[in-house]
Amino acid sequence: MASPSKGIKTWFVESLWSGISELYSSSGIEKSHVMGSISVPKKEFGDLGCSIALRIAKAQGMRPSDVAKALIEKIGKNDLVSDVRETGGYINISLNVKEYSAQVLGGIEKDGDSYGSSKLGEKSKVLVEYPAVNPNKPWHIGHLRNALIGDAISNIMDFCGYTVEREDYIDDLGLQIAESLWGYESLGGKPDKKFDQWLGERYVEVNKVMKEKRLDDQMGALLKRMEDVGSRESLLARQIASKCVDAQYETACRYGVYHDVMIWESDIVKEKLLKKSLDLALRNGALEKRESGKNAGCIVLDLNKVRDMAKDFENPEETDKIIVRSDGTATYVAKDIAFHMWKLGLVDASFKYKHIGKEGGRELYSTSSEGKDMDFGKADLVVNVIGSAQRYPQLVLKAVFSLMGHEKEAERIVHVAYGEVSVEGGSLSGREGGWMGSGKAFTADSLLNEATSKAYEATLESKKIVKENVQDIACAIGRSAIRFEFLKVSPHKAVVFSWKSALNFEGNSGPYCMYTFARAKSILKKAGYRRMELDKINLDMIEHSYDFELIKLLGEAQEVVEKSAQEYSPNVIADYISLLTVNFSKFYESMKVIGSGGAQDARLRLLDAYVQVTKNMFGLLGIDAVESM
RNA sequence: GGGCAUGUGGCGUAAUUUGGAUAGCGCACCUGGCUUCGGACCAGGGGGUUGCGGGUUCAAAUCCCGUCAUGCCCGCCA
């Protein structure tokens with residue numbers, strides 16, 4: 001778990017801090033300020049810089065350069081540091097190229113596939129939920145964004161030492177499913193394509209019919225029967241939903257998105273989890289049943305009790321939030337409350353699980369009426385990857401937890417509110433059929449087909465690979481290109497999808513990074529490279545140039561991974577991969593490796609390190625490290 | 001009406017949490033580079049009053065106040 005970059009920063013901070021404590025203890029500067037003032041400056045200033053003297057100077061009424069110089073006097077020796085100096089009030093240090101390189105390269109060798117990992121989440125179990133798509137349509141590109149973010153966050157947290165449980169929530173009881181069931185029975189027709197696609201198209205048709213005929217009452221009654229355990233409707237709904245989920249998971253599998261367990265909404269009802277949870281909430285007064293007024297017969301959250309919990313609840317015109325309808329059926333929020341009670345182990349109820357299969361080396365289980373007991377759930381931390389549109393219900397959920405006396409647990413529910421995906425023409429509505437598009441469909445399947453066929457064309461031209469591998473490599477490139485494209489943007493930003501940029505394989509893209517990786521691999525192969533002991537390599541041949549820039553970057557992996565985990569932002573990793581790639585390209589373009597005489601061993605070793613770190617980072621985003629393309 | 005999020009060269013995006021050195025990068029555009037370790041590449045160039053207006057500060061994309069625009073939410077939908 002060596003992190004050279006962290007090591008040197010810690011030393012820098014400690015050195016400065018002891019100087020500050022001695023000379024400027026009255027300035028009110030705290031250690032965290034010092035940490036925050038460290039940055040990587042422009043190359044000409046050094047390898048690491050610190051602006052704290054500017055801040056101290058202000059507090060003390062002194063000149064920044066005088067403060068900086070005084071602090072520099074107090075900084076002790078460090079083998080990793082070759083020079084400390086003051087420039088314009090900044091304290092800049094230069095690293096000892098040889099020593100620092102040895103540390104970075106040694107760390108990468110020692111940790112190998114776990115280089116960059118962290119113990120941030122040790123002994124902590126996190127349950128990550130994604131993408132929870134209704135089982136009545138194919139995944140569209142918005143669902144895909146959710147799934148990829150969830151998958152990457154899971155990978156990253158896993159790398160940070162958390163025990164990660166990847167969970168999917170199958171909402172097979174909502175009104176949407178009632179409508180799909182109605183369509184399935186009333187519209188006729190036989191599935192003549194991938195089932196999720198076919199069912200999704202049915203659903204769009206149902207909504208057209210519903211615009212002409214008022215079927216609300218019928219749907220309500222159907223939904224009610226679906227919630228009756230053992231009814232014909234409940235069995236049929238589950239059956240159809242199940243078939244649809246199978247089709248959706250085919251897509252997930254193509255993208256390399258996997259889960260550990262599927263939780264079916266109908267099982268939350270069936271296993272009395274819902275009833276137990278609501279009873280608990282009613283008993284301790286967090287929720288209450290209205291006997292009269294406009295919400296008579298409903299179980300509600302009295303918003304007057306939670307006004308101070310979030311600004312969202314401050315509007316006095318809103319009084320009750322309906323949790324259970326007057327006809328006794330549960331709203332989405334009700335089921336989500338119950339579900340989260342289970343997730344955090346706050347209710348004495350559990351599911352039975354059956355084994356579904358093995359995908360991507362991962363065993364998949366599903367809740368089921370029959371099966372065995374397993375220890376899913378009871379997590380320390382819950383991460384929900386859900387669209388930002390659902391902020392309000394997520395807040396309601398937390399408010400109910402707080403009212404029940406579970407403030408701490410409420411804080412352990414994290415809503416990763418990702419910005420929704422739209423297309424130039426409008427929304428991707430499942431109901432209106434926006435996802436169907438007019439030419440190419442905006443489905444995850446269709447996008448992958450496009451990306452793969454584009455990759456196929458490019459791959460065919462490659463002279464580096466044999467024909468029988470072309471198809472496999474094209475699939476890997478297509479899938480990775482999309483993953484990178486979706487993950488490089490900060491999750492909370494809304495995205496307008498465009499085919500042109502999704503299928504861009506140049507510049508800051510997955511294929512560019514993969515290609516550069518393959519080149520590095522190819523050089524190692526050509527050189528007949530075999531890793532030798534570090535102390536037999538002449539590291540004096542590392543210059544203070546592109547080679548060392550790359551080494552410094554490689555040393556930062558752990559900090560990058562931790563930041564990405566703490567902020568639930570896979571784009572931090574994507575950025576880092578881009579940086580690594582660009583830096584490697586510059587190095588490779590300007591400094592010869594094979595045939596560079598005495599520098600060859602050191603440079604090959606640098607390639608080796610770049611390959612290892614890039615591979616580790618690729619793994620976090622689910623990008624395939626193909627060796628030739 | 002209230003709440004939340006976003007606003008950075010033509011387009012897209014990073015840095016905003018913790019205020020610091022010339023706002024980083026990609027696409028597109030212009031110039032140059034393949035008998036050279038793999039051109040899905042590299043080098044160089046043009047293009048920015050960080051939505052707008054105030055304020056705090058030696059220093060603001062970053063903090064504060066105001067304002068505008070866009071999207072979403074505020075349902076016995078999910």
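## Conventions and model

Two residues are taken to be in contact if their C-beta atoms, placed from the backbone, lie within 7 Å. Helices (H or I, at least four residues) and strands (E, at least two) are DSSP runs, numbered from the N terminus.

This is a predicted model, in which local features need pLDDT of at least 70 and side-chain atom pairs count only at pLDDT 80 or more, while totals for chains, interfaces and linings use all residues. Residues are numbered from 1 along each chain as its sequence is written, and chains are lettered from A and ligands numbered from 1 in the order in which they are written.

## Helix 12 against helix 13

Helix 12 (residues 273-283) packs on helix 13 (residues 332-343) at an angle of about 90°, with 9 Å between the two axes; axes here are lines fitted to C-alpha atoms, for helices over the stretch in contact, and angles run from 0 to 180 degrees between N-to-C directions. The two helices, helix 12 and helix 13, are therefore roughly perpendicular, where angles under 35 degrees count as roughly parallel, over 145 as roughly antiparallel, 65 to 115 as roughly perpendicular and the rest as oblique.

From helix 12, the residues L273, L274, S277, L278 and A281 meet A334, K335, I337, A338, M341 and W342 of helix 13. By class, this contact of helix 12 with helix 13 has nine nonpolar, one polar and one charged residues, with Ala, Val, Leu, Ile, Met, Phe, Trp, Tyr, Cys and Pro counted as nonpolar, Asp, Glu, Lys and Arg as charged, and the others, Gly among them, as polar.

Four strands form an open sheet with the order 1-2-4-3 and antiparallel pairing, two strands being paired if DSSP finds at least two bridges between them. Strand 1 (38-39) and strand 3 (81-87) are at the edges with a single partner strand each, so one side of each is left without a neighbour in the sheet. Strand 3 and strand 4 run antiparallel and are joined by six bridges, and V84 stands opposite I93 in strand 4. Helix 4 (residues 64-74) lies across strand 3 and strand 4, and runs at about 160° to strand 3.

A second open sheet holds seven strands in the order 11-12-7-6-5-13-14, and its pairing is mixed. Its edges are strand 11 (352-359) and strand 14 (413-418), each with a single partner strand, so one side of each is left without a neighbour in the sheet; the twist averages 25° from one strand to the next. Strand 6 (residues 163-170) pairs with strand 7 (residues 261-264) in the parallel sense over four bridges, and the bridge partner of E167 in strand 7 is V261. Helix 14 packs on this sheet, where it touches strand 13 (381-387) and strand 14, and its direction makes about 175° with that of strand 14.

Most residues other than glycine have a negative phi, and most peptide bonds are trans. Y130 and P131 are joined by a cis peptide bond with omega of about -20°, and P131 is placed in the loop between strand 5 (125-129) and helix 6 (141-159). A132, although not a glycine, has a positive phi of about 50°, and A132 too is found in the loop between strand 5 and helix 6.

## Surroundings of RNA strand B

RNA strand B is surrounded by 74 residues, the closest being G36, G49, S490, G507 and S522; a residue is near a molecule or strand if its C-beta atom, placed from the backbone, lies within 6 Å of it. By class, the surface near RNA strand B has 28 nonpolar, 25 polar and 21 charged residues.

Several helices and a strand each supply at least two residues of this surface, among them helix 3 (52-60), strand 4 (90-95), helix 7 (175-186) and helix 16 (444-461). Helix 19 gives the most to the surface near RNA strand B, with eight residues.
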